Amino acid sequence: MTTLYDAVKENAAEMKDLTARQDADVKLRDLAAYVMYKSDGKTKVEGVILRTLNRPKVMFNYIVTALGRASEQIVVETEEKDLDPDYIKDFRRLYFASADARLRRQGERGLVPYFIEQACLRGGIAARSLPRMVKEVLVSDITPWDFRYVNYEMGEEG
């Protein structure tokens, strides 16, 4: 019988190429010093002076900034005559604004900047959403997760 731990371990093994690429992308963004190796791929070449240029970091910051200026567009389609799409749009905006305010009180940055960076750097986004009522007030508790450390599996319908 396969345990949940075994399933997660197996999934992590299947995703190792993706996680290796994600780790390499972070090193590229953070301008990790380039190291030249001999053809065996293990032995460092001594006496070579290499200079890491800042182009990857500049390009990353440019893209993240450009995406941060984009305007969010929410589309609600329904065939229900008595359902107001604007009510749903307003609820969604307020729910995320409340989650952002909660994160700022905790000293964290907002969801949108985090999600933009994750989408660019990790290729996906992930978060835990835990809405709950506290004293008849809806608490929009959204915790962003680093997509590099999230194991997931596609469902039957994608």
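Is Glu-117 buried or exposed? Glu-117 is buried, with a relative accessible area of 17%; buried means under 20%, exposed over 50%, and partly exposed in between (1.4 Å probe, protein chains only). This is a predicted model: local features need pLDDT of at least 70, side-chain atom pairs count only at pLDDT 80 or more, and totals for chains, interfaces and linings use all residues. Residues are numbered from 1 along each chain as its sequence is written, and side-chain values use heavy atoms, leaving out hydrogens and water.

**Overall fold**
- The protein chain has five helices and four strands, taken as DSSP runs (helices H or I, at least four residues; strands E, at least two) numbered from the N terminus.
- Along the sequence the pattern is α-α-α-α-α-β-β-β-β.
- Buried residues make up 21% of the 158 residues.

**Salt bridges around Arg-29**
- The whole structure holds 12 salt bridges, each a side-chain nitrogen of Lys or Arg within 4 Å of a carboxyl oxygen of Asp or Glu.
- Glu-117 pairs with Arg-29 at 3.6 Å, N to O.
- That pair links distant parts of the chain: Glu-117 sits in helix α5 (residues 111-122) and Arg-29 in helix α2 (residues 16-29), 88 residues apart.
- Arg-29 is buried, at 17% relative accessible area.
- Arg-29 also bridges to Asp-30 at 2.7 Å, N to O; Asp-30 is partly exposed, at 41%.

- Arg-93 and Asp-90 meet at 3.7 Å, N to O.
- Both lie in helix α4 (residues 85-105), three residues apart, about one turn of the helix.
- Arg-93 is partly exposed at 40% relative accessibility, and Asp-90 is partly exposed at 41%.
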